[in-house]
Amino acid sequence: MGYKKPSFIENIAEKIGIIPNLHKEKYQEFDGDMRQFSDEEVAQMYENFPPPEKWDHWEEYNPKVWPKKEKKIYQIVPTTCFNCESACGLTAFIDKETQEVKKFEGNPYHPGSRGRNCAKGPATINQVTDPDRILYPLKRKGKRGEGDWERISWDEALDTIAARIRKAIKEDRHNEIAYHVGRPGAEGFMNWVLPSWGIDGHNSHTNICSSGARFGYNLWYGYDRPSPDHAEAKFILLISAHLESGHYFNPHAQRIIEGKMKGAKLATMDPRLSNTASMSDYWMPSYPGTEAAVLLAMALIILQEGLYNRDYLENWTNWQEYLKARHADKEVTFENYIAAMIEEYEEFTPEFAEKESGVKAEMIKEIAVKIGEAGERFASHNWRSAGASNLGGWAVARCLHFLSVLTGAVGAKGGTSPNSWNKFKPTVPNPPKPQKKWNELHFPNEYPLAFFEMSQLLPHLLKAGRGKMDVYFSRVFNPVWTYPDGFTWMEMFMDETKFGLHAALTPTWNETAFFADFVLPMGLASERHDINSYATHGGTWIAFRQPVLREAARRNGKKVEFTHEVNPGEVWEEDEFWIELSWRIDPDGSMGIRKHFESPYRPGEKITIEEYYQYIFERVEGLPKAAKKEGITELEYMSKYGAFEIEKGESYNKNENPLSEEQLKGTVVDKDNDVIRKNGKDIGVMVNGKAVVGFPTPSRKNEFYSQTMVDWKWPEYATPTYIKSHIHNDVLDKSKGEYVLVPTFRLPTLIHSRSGNAKWLVEISNRNPIWMHPDDAAKWGFKTGDLVKMNTDIGYFIDKVWVTQSMKPGVVACSHHIGRWRREQDKTGNRWATNTVNIDNSEKGKWKMSTKSGIKPFESNDKDSKRIFWKDGGVHQNITHAVHPDPISGMHTWHQRVRIEKPKEGENYGDIMVDTDRSHEIFKEWLAMTRPAPGPDGLRRPLWFKRAFRPDDSTYYIKESEK
Ligand code: SF4
């Protein structure tokens, strides 16, 4: 970070101590691992951050009793935040006397977050002390969903669930067992557990989140996530703010600011003036779904102006394959490649892009030139947003990556690398082989290219009679509320022939847990073990989420066998739960499951949680040496600092890594495309006479031309394309009041469905009105606070209008993460955020919800609960959305066509209506848009495509009997 000269006023203010002295030497110089400084220097830089040798005895005055001086003595234990995927470092301040966690601050030893957090990190303390949290295992009484529960022992829960799983596996009903996860949080743990049971039982939330963008990136270079090097970039382009207000929020945001301080320019494409857009040099308020048209116009300008990186295009794209397939009449020369691309995109003029998107042609041209001039130092990101919202949304990431390819920014310093280059993968003990099962409830043959499990379709596939779930775990997962079409989820959960046993693993009540058989409380961020590693910059790190009271107890000489001994109530940690459950499924080892969960150090005995992590940490490059230097074990090192930097910055251009002589033994080079093959597997490519690893695609290069798309029946999308969305202006009838609703953003202080138990966060953000431009509001006669009825394809919700210049005219938006509810009969939970609602289903297939009361102050052991001043808990919008899976990527396309109208007499704020029969019809309509497997060789999916929890290759082939 560069040193900024203080102004005259700042100088005086710093000198007399009115503001902290931010300009003292080194304060702004820090740009890497904090361990390059002495502890004193670190403490000085972070003003009061305690140096590690004082972490077992840190004295501070209690601010709550000011002006009295009351000394408090803390133990400080690091962990990581669980309130988004970034896993920033936290440090828990534990009262040494009472062993209670009092607050959370950042961890300067964490290379991703470097001591900084967003509002959600410190709010972890709210979740820990939430008076409504679940402390004991519960079993339902009465009918599922009736709201009656009884406390049970962990043994009863574990034995009941284990017996049912054992029976299903023994009866070869593996596909009836599933673990469905929202926020995973752990690196590799369930990849160890589920294949050890031999099941294809993983289901994720990714197809309502990021799989569209992942698909677009994967087609290009075999990696599905970008890792932009913002701090070193000269130009940064973000498709929407959703990344910076949700995903990798703080680690990326701080590096974007660093880049800007060094002169980088930032452009944001978003129909909403988000926080990020407001900090940008260019705001491009594009019409939703037209982003790819704008990006292709930029690509055309870069090509026409000769601003492309010739070396990169020539060496690292499969241009010869493209010319041979698409321009067989032309000679295979690089010049013809450029000419063919210009011809291919000639319709994408800036004027055409302006017509589609509403972004001024002049601005598109200016940004394109700036990107071309930034060259390799062009960083970009598209995650959810446009990729998660539109039919063909995956094409946005594909067209964005096209710009990185044209400029040679792929993997370059200041450019955008594949995420996997900056991510650690653990080596687990006793690893299982890939399962020999393929679960068509997760990966149905209609969606052979779907990048993740078709989780949004699970209730419809069950409704259509295509299987059942005998044992179903929901974990940090709340589909009734988060997913589209929550009432269909509810219908299926209520039907015990569809969901035999539903265990909700959750620290807090949620709308899905109300429909479980067992509610099993699991630890929050500071109450569980996980490994984290994310691509936050051009380096690689590993962080350790740990139960802080367990670590404090260890330091205090107290032996703890299980984490639940130190957690509040009987809150378990999940890792120990899965080990315990696995032993009970296979108590005598005869099923071949137990052996995976035996200690690698004490043969035949049950692995402990310390052994699992010690085994992994021993195998982290560089960590044994660092631990040895301090005379401690690798596990103790991670428990002490909470993180370790495996590879500092400068990890660029890994596609150019040479193959070793050993690797090259016995290889052959394909004459057609220079791919190097060994034992039938592609391992590299010849580039400029050198044998290098390349990218994990069939050509080992960036694939401008995708033979895979041709082979799998989508030849029209063989090259980067603009696909008109399902909410394109052409398909909306403005005369009927049809608009596009953007429901994909959230306020930066909220966490999907998990901020309801964090009072500070709910206090900041507790409503989700409809954002509407003043011109649209005037047309309708709306003013801020007026009620508006939003009619979707399957029902409606009634919300309030917020008139704001921050919205593109002709588009409306509504934040998700608000509109939480509970029914009268439900256990109290999330009372900081939930409305009490009435749900009526007296007519089959017709669901109505109305708000009985908003948020109210309540009595609890937290005095703040009586001080609640907000009343309005917002409206649940997602439940009124139909499922719209993109027929190629499988991504749910979140944007909605809505018909806006004024509510009728008797219709009230918060009213919701949904027709689930109609939603099932829409599921069928979208299913009919697919081009099902088999593909070439009878495959159900391209072998080179990544797949979560990838099964054995033999399962990729559809058997004759299944066709
Ligand atoms: S960005 Fe915020 S919510 Fe996400 S891990 Fe960091 S501190 Fe937690």
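How many Å³ of space lie in the largest cavity?

Author: The largest cavity holds about 490 Å³ of space. This is a predicted model, where local features need pLDDT of at least 70 and side-chain atom pairs pLDDT 80 or more, while totals for chains, interfaces and linings use all residues. Residues are numbered from 1 along each chain as its sequence is written, and side-chain values use heavy atoms, without hydrogens or water.

A cavity is a set of points, on a 1 Å grid over the protein atoms alone, where a 1.4 Å probe fits but cannot get out; lining residues have an atom within 4 Å of a point. Grid points are joined across faces, edges and corners, and the volume is the space filled by probe spheres set on them. By this rule, there are seven cavities of 30 Å³ or more.

The largest cavity has 39 lining residues. Nearest its centre lie Arg183, Val476, His752, Ser753 and Arg754. By class, its lining has 18 polar, 15 nonpolar and six charged residues. Here Ala, Val, Leu, Ile, Met, Phe, Trp, Tyr, Cys and Pro count as nonpolar, Asp, Glu, Lys and Arg as charged, and the others, Gly among them, as polar.

Note on methods
1 Å grid on protein atoms, 1.4 Å probe; cavity = no way out; pocket = protein on both sides within 12 Å on 5 of 7 lines; lining within 4 Å.
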